[in-house]
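Subject: Structure handover

Hello,

Here is the structure I promised to pass on. Please have a look before reading my notes.

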Amino acid sequence: MNKKVFYAILICIMIAGAIVIATMGLKADIIYSKNVRLDMYLGKEYNKQDIEQIAKEVFGNERMLVQQVEFYGDMFSITVPQEVEDLDTKVEQLVSKVNEKFGLELKKENITKVYQPKIKLSSVLMPYLLPMAISMVIILIYVMIRFRKIGVWKTLSAYILTALASELIYLSILAICRIPINRLVTPIGLAIYAIVITIVTAKREKQLTAYHEETKA
């Protein structure tokens with residue numbers, strides 16, 4: 001693919017991503033959205049897949065998260081959006097199906113409801129921005145010294161633009177595809193950042209080696 005066409009596609013992705021973020025924002029996962037957590041103590045071990053199947057039958061296609069709470073595997077939680085219709089009725093259905101599945105006699109009162117507010121995505125991402133900025137400054141100082149013979153400003157611009165572009169494209173893809181922001185998004189972003197820096201450094205090392213060979217000749 002022609003480089004100009006490739007760069008044009010990347011720019012279009014970033015523009016489209018910026019429009020989506022400005023108009024619709026990023027999509028938050030259930031744990032960062034306004035939700036209610038249903039905690040239920042069974043008093044006996046269970047198979048998580050059985051709970052997930054029951055939750056799917058009760059809540060249908062609603063976004064939800066099933067988690068094992070206790071280390072001993074006798075308590076679970078189901079997180080669902082607060083906008084779920086007839087929540088009390090569905091809680092009763094949940095208790096009934098759990099009793100039927102595990103031979104228990106639990107009641108609706110055995111489920112604890114914990115209402116959780118929406119978490120700002122900026123508060124999730126902000127703690128990682130400072131370490132990334134510090135690491136970038138350290139890297140730029142290093143490359144200024146390491147690659148000074150092949151052009152300081154050209155090298156700096158390559159690192160800064162590539163790192164920024166890769167993260168912007170990543171965010172744009174998340175926004176355009178409506179991929180929920182969850183706990184994996186930031187580690188993946190950091191991995192992309194590290195991979196991009198490694199690739200740019202490898203290219204600069206080749207250029208530096210070629211420069212030394214030319215000067216020797």
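Below are notes on the aromatic pairs and on one serine.

This is a predicted model: local features need pLDDT of at least 70, side-chain atom pairs count only at pLDDT 80 or more, and totals for chains, interfaces and linings use all residues. Residues are numbered from 1 along each chain as its sequence is written, and side-chain values use heavy atoms, with hydrogens and water left out.

Aromatic pairs

Rings of Phe, Tyr and Trp (its six-membered ring) pair if their centres lie within 6.5 Å; planes under 30 degrees apart are stacked, over 60 edge-to-face, the rest tilted. The count is two pairs. Phe-6 and Tyr-7 form a tilted pair, because their planes stand at 55 degrees, with ring centres 5.9 Å apart. Phe-6 is partly exposed at 40% relative accessible area. Tyr-7 is partly exposed too, at 46%. (Buried means under 20%, exposed over 50%, partly exposed in between, with a 1.4 Å probe and protein chains only.)

Tyr-46 and Phe-76 are edge-to-face: their planes are at 70 degrees and the centres 5.8 Å apart. Tyr-46 sits in the loop between strand E1 (35–41) and helix H2 (48–59), and Phe-76 in strand E3, so this pair ties together parts 30 residues apart in sequence. (Helices, H or I, at least four residues, and strands, E, at least two, are DSSP runs numbered from the N terminus.) Tyr-46 is buried at 12%. Phe-76 is buried at 0%.

Ser-77

Ser-77 also belongs to strand E3, residues 75–81. Ser-77 is buried, at 2%. Beyond its neighbours within four places in sequence, Ser-77 has contacts (heavy atoms within 4.5 Å) that include Arg-37, Asp-39 and Val-69.

Best wishes
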